Amino acid sequence: MNVRQKTIKQEISASGVGLHTGANVTLTFCPAPENHGFKFQRIDLDGHPIIEADADNVTDTSRGTTITQNGASVSTVEHVMASLIGMDLDNVLIKLDGPETPIMDGSSIQFVDLLEEVGTVEQNADREYFTIPHNITYTEEDRKVEIVAMPLDDYRFTCMIDYNSPVLGSQHAGINTIAEFKKEIASCRTFCFLHELEYQLSHNLIKGGDLNNAIVIVDKEVTKDELNHLAKLFNREDIDVAPQGILNNMELRYQNEPARHKLLDMIGDLALVGMHLKGHIMAARPGHAANVAFAKKIKAAIKKEKNKKVQKVYDPGAKALFDVVKIMEILPHRQPFLFVDKILELSKNHVVGVKNVTMNEEFFKGHFPGAPVFPGVLQIEAMAQVGGILVLCTVPDPENYLTYFLKIDNVRFRAQVLPGDSIVFRCDLLEPIRRGIAQMKGVGMVGEKIVVEAEMMAQISKVKQAEPAQ
């Protein structure tokens with residue numbers, strides 16, 4: 001049974017301070033259309049730039065995960081991203097009037113409560129999952145980091161942390177399914193060691209830090225004077241060390257709360273893959289840098305699997321979705337350089353078109369006239385024109401746009417195409433269209449045989465609309 005995409009019913013906001021910047025910020029979750037995904041918007045900047053929540057946009061992982069695009073950045077996105085995945089959402093726009101998400105209590109629970117309060121709505125488009133096809137591994141020998149994703153028809157996590165700390169020790173956490181996120185993981189707060197806190201305070205790196213939004217693990221002997229100094233910094237009357245080896249500013253919600261929070265961070269960082277996952281993720285000593293590197297490995301596996309898809313065999317004589325008249329309303333090409341006769345299928349992510357090869361084509365007069373073969377460069381042109389239909393149909397006025405090649409890669413000609421053949425071209429987006437740039441995998445088939453394939457990058461550019469006749 002197909003699962004439908006989901007968004008939220010209406011806007012809802014939360015305000016707080018950024019942990020590292022100390023800036024007051026309001027975050028607003030907004031409904032978004034199908035296939036939108038998760039995107040942030042900096043409404044405090046000119047032009048209100050959009051930053052897509054994508055691993056390829058990560059620019060810093062030193063003290064949280066920062067994403068950057070279109071000249072704008074958003075820091076500490078992982079707790080927000082974890083709440084969106086944990087609440088089983090697909091399409092949300094997150095508006096911010098500052099450079100960092102609010103830290104709240106150091107967990108995801110307040111974001112989860114907001115999303116639950118506003119409610120979700122099912123959309124018409126089906127959700128696309130990436131099911132881990134085989135073991136995908138990532139290691140960092142120097143940090144003893146190991147992460148593996150294994151095939152599973154669910155989304156399961158197991159996490160282990162070990163900081164060689166006599167206080168923290170080795171801890172494990174896990175959930176059997178992402179549906180357990182709210183109950184088992186969402187409320188688990190970020191943590192740091194006392195020596196890290198002192199360093200960050202001395203270097204003014206946690207301007208929004210407060211003892212209400214982090215567990216502080218005391219991993220060394222501390223004097224009463226040091227504790228009094230911390231109390232003064234955080235406007236507390238008294239600070240001491242609790243029996244569990246943490247500052248007595250708060251009580252642990254779980255004995256293994258630090259390990260659970262690391263699992264929360266992983267869920268948030270892996271949301272930057274851009275697709276719901278099915279698999280069992282096991283991690284030892286993960287961190288933001290490793291999580292993002294692993295997310296990029298999964299993205300590479302997704303691209304590879306898309307390229308390996310078994311090709312469906314289409315009937316070139318099937319009823320057209322677009323006939324040649326409709327095609328000429330979209331494409332600027334005309335005879336003898338229009339190489340698409342009809343479109344059979346069109347969605348947001350793929351298009352299928354047909355080119356009928358006949359002996360009366362103009363180019364056969366000079367291209368191997370004694371042994372006519374459909375030129376390979378024109379096969380690529382035909383494929384590109386089919387892909388152009390997909391890209392141009394994303395704008396309301398395609399007649400005012402032109403499509404230009406930026407790059408062609410991995411071209412393979414696997415068999416000759418002769419007069420009388422009908423080539424069925426299928427073009428699939430390798431990733432969402434961004435700023436009018438589309439990356440596609442194209443395959444051309446004659447019957448059940450693949451005759452040509454290529455990866456293409458193209459951009460649509462708006463041209464000046466013609467003046468009306470006087």
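Me: How do the residues in the lining of the second largest cavity divide into nonpolar, polar and charged?

Reply: In this predicted model, they divide into 6 nonpolar, 1 polar and no charged. The lining consists of Ile 85, Tyr 155, Leu 270, Ala 271, Met 275, His 276 and Leu 277.

Me: What makes up the lining of the largest cavity, by class?

Reply: There are 6 nonpolar, 2 polar and 2 charged residues. Lys and Arg count as charged, so Lys 312 and Arg 426 are the charged ones. The space inside is about 80 Å³.

Me: How many cavities of 30 Å³ or more does the structure hold?

Reply: It holds 2.

Me: Between which domains does the largest pocket lie, and how do you know that?

Reply: Domain 1 (4-187 + 258-306) and domain 3 (324-462) both give residues to its lining, so the pocket lies between them. The lining has 48 residues, and those nearest the centre of the pocket are Asn 35, Gly 274, Asn 349, Glu 431 and Pro 432. Helix α7 (288-307) is among the elements that give two or more residues, and its 6 residues are the largest share. By class, the lining has 17 nonpolar, 12 polar and 19 charged residues. About 1600 Å³ of space lies in this pocket.

Me: Is His 79 called buried or exposed, and why?

Reply: Its relative accessibility is 5%. Buried means under 20%, so His 79 counts as buried. His 79 is found in helix α1 (residues 78-86).

Me: What makes His 261 count as buried?

Reply: Its relative accessible area is 1%, under the 20% cut-off, so the word applies. His 261 is in helix α6 (residues 257-270).

Me: Which positions does UniProt give for the feature "binding site"?

Reply: The unreviewed UniProt entry places it at His 79, His 261 and Asp 265.

Me: How do you know that these positions cluster in space?

Reply: They are spread over 187 residues of sequence, yet the largest C-alpha distance is 9.5 Å. His 79 is in contact with both His 261 and Asp 265, among others. Besides His 79, the contacts of His 261 include Gly 106 and Thr 190.

Definitions and conventions. Residues are numbered from 1 along each chain as its sequence is written. This is a predicted model: local features need pLDDT of at least 70, side-chain atom pairs count only at pLDDT 80 or more; totals for chains, interfaces and linings use all residues. Side-chain values use heavy atoms; hydrogens and water are left out. On a 1 Å grid over the protein atoms alone, a cavity is a set of points where a 1.4 Å probe fits but cannot get out, and a pocket is an open set with protein on both sides within 12 Å along at least five of seven lines; lining residues have an atom within 4 Å of a point. Grid points are joined across faces, edges and corners, and a volume is the space filled by probe spheres set on the points. Helices (H or I, at least four residues) and strands (E, at least two) are DSSP runs, numbered from the N terminus. Domain bounds come from an automatic or database domain assignment. UniProt positions are given in the numbering used here, feature names are shortened, and annotations may be inferred rather than shown by experiment. Buried means under 20% relative accessible area, exposed over 50%, partly exposed in between (1.4 Å probe, protein chains only). Contact means heavy atoms within 4.5 Å. Lists of a residue's contacts leave out its neighbours within four places in sequence.
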